[in-house]
Amino acid sequence: MQEQWTRWEPIQGLARKYYIDSITDNIDEGFRVVLSESGNAKKTVHVVFRDSVDCYTSTNESYINHLIFSLYERYGDDFYGDWTFFKVLNSDYLKRLSVLSSTISDDAGFTHFVLLASDSMLDIITNYEPEIKFIDLP
């Protein structure tokens, strides 16, 4: 079965496109992603996974051309070009994690989140939803 990408709108009022400003992963504060709105860098969104995450990969936009072409063919330009937040069903990334973990990950109830930003892509694997909040910079 082929991967199925779906737009994810975790909270209302999100801008269509963001840049990833920072990624922080530490034991005390969990896994945090700060995104700035593509048209207004002072408007930020914080994505917080309080208990950290099980797996993540950050990829520069230069290395996802094949994926972008595939998304374009399957869903059209408006689907991925004008949105940042996604979930992936039947994820190839989760399948690779299953092989790497000798199928230990299969029963974890993982979700594959993708932040497809203007300049990069962040894949996140975890078994719970993050906390999302707006923070406007002065």
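# Reading a predicted model

Mentor: Y18 and F85 are both buried. This is a predicted model, in which local features need pLDDT of at least 70, side-chain atom pairs count only at pLDDT 80 or more, and totals for chains, interfaces and linings use all residues. Residues are numbered from 1 along each chain as its sequence is written, and side-chain values use heavy atoms, leaving out hydrogens and water.

Trainee: What does buried mean?

Mentor: A buried residue has under 20% relative accessible area, an exposed one over 50%, and a partly exposed one lies in between (1.4 Å probe, protein chains only).

Trainee: Why does H46 count as buried?

Mentor: Its relative accessibility is 19%, so H46 falls under the 20% limit. H46 belongs to strand β4. Strands are DSSP runs of E with at least two residues, helices are runs of H or I with at least four, and both are numbered from the N terminus.

Trainee: Which residues are in contact with H46, leaving aside its neighbours within four places in sequence?

Mentor: They are V33, V34, E131, I132, K133 and I135. Contact means heavy atoms within 4.5 Å.

Trainee: Why does N90 count as partly exposed?

Mentor: N90 has 28% relative accessibility, which lies between the limits of 20% and 50%. N90 sits in the loop between β6 and α3, and its phi is near 55°, a positive value in a residue other than glycine. Most residues other than glycine have a negative phi. S52, in the loop between β4 and β5, is not a glycine either and has a positive phi of about 65°.

Trainee: Back to Y18 and F85. Why is their pair called edge-to-face?

Mentor: Rings of Phe, Tyr and Trp (its six-membered ring) pair if their centres lie within 6.5 Å; planes under 30 degrees apart count as stacked, over 60 as edge-to-face, and the rest as tilted. The structure holds 11 aromatic pairs. In the one formed by Y18 and F85, the centres are 5.8 Å apart and the planes stand at 75°, so the pair is edge-to-face. Y18 is in strand β2 (residues 18-26) and F85 in strand β6 (residues 85-89), so the pair ties together parts that are 67 residues apart in sequence.

Trainee: Which residues do ring pairs link into a cluster?

Mentor: The cluster consists of W8, Y18, F31, F49, Y56, W83, F85, F113 and Y128.

Trainee: What makes two strands a pair?

Mentor: DSSP has to find at least two bridges between them. β2 and strand β3 (residues 30-37) are joined by eight bridges and run antiparallel, with I20 opposite L35 in β3. These two strands form a hairpin with three residues between them.

Trainee: In what order do the four strands of the open sheet stand?

Mentor: The order is β2-β3-β4-β9, and the pairing is antiparallel. The edge strands are β2 and β9 (131-136), since each pairs on one side only. β4 (residues 40-49) and β9 pair over six bridges; T44 has I135 in β9 as its bridge partner.

Trainee: Which are the edge strands of the open sheet with five strands?

Mentor: That sheet has the order β1-β6-β7-β8-β5, again with antiparallel pairing. Its edge strands are β1 (4-7) and β5, each of which pairs on one side only. Within the sheet, six bridges join β7 and β8, and T111 has T126 in β8 as its bridge partner.

Trainee: How do you know that the buried residues of α3 lie on the same side?

Mentor: In α3 (residues 92-100), Y93, L94, L97 and S98 are buried. They cover an arc of only 145° around the axis, which puts them on the same side of α3. The arc is that of the directions from the helix axis to the C-beta atoms. An α-helix has 3.6 residues a turn, so residues three or four places apart point the same way. The buried residues of α3 pack against β5 (55-60), β7 (111-116) and β8 (120-126).
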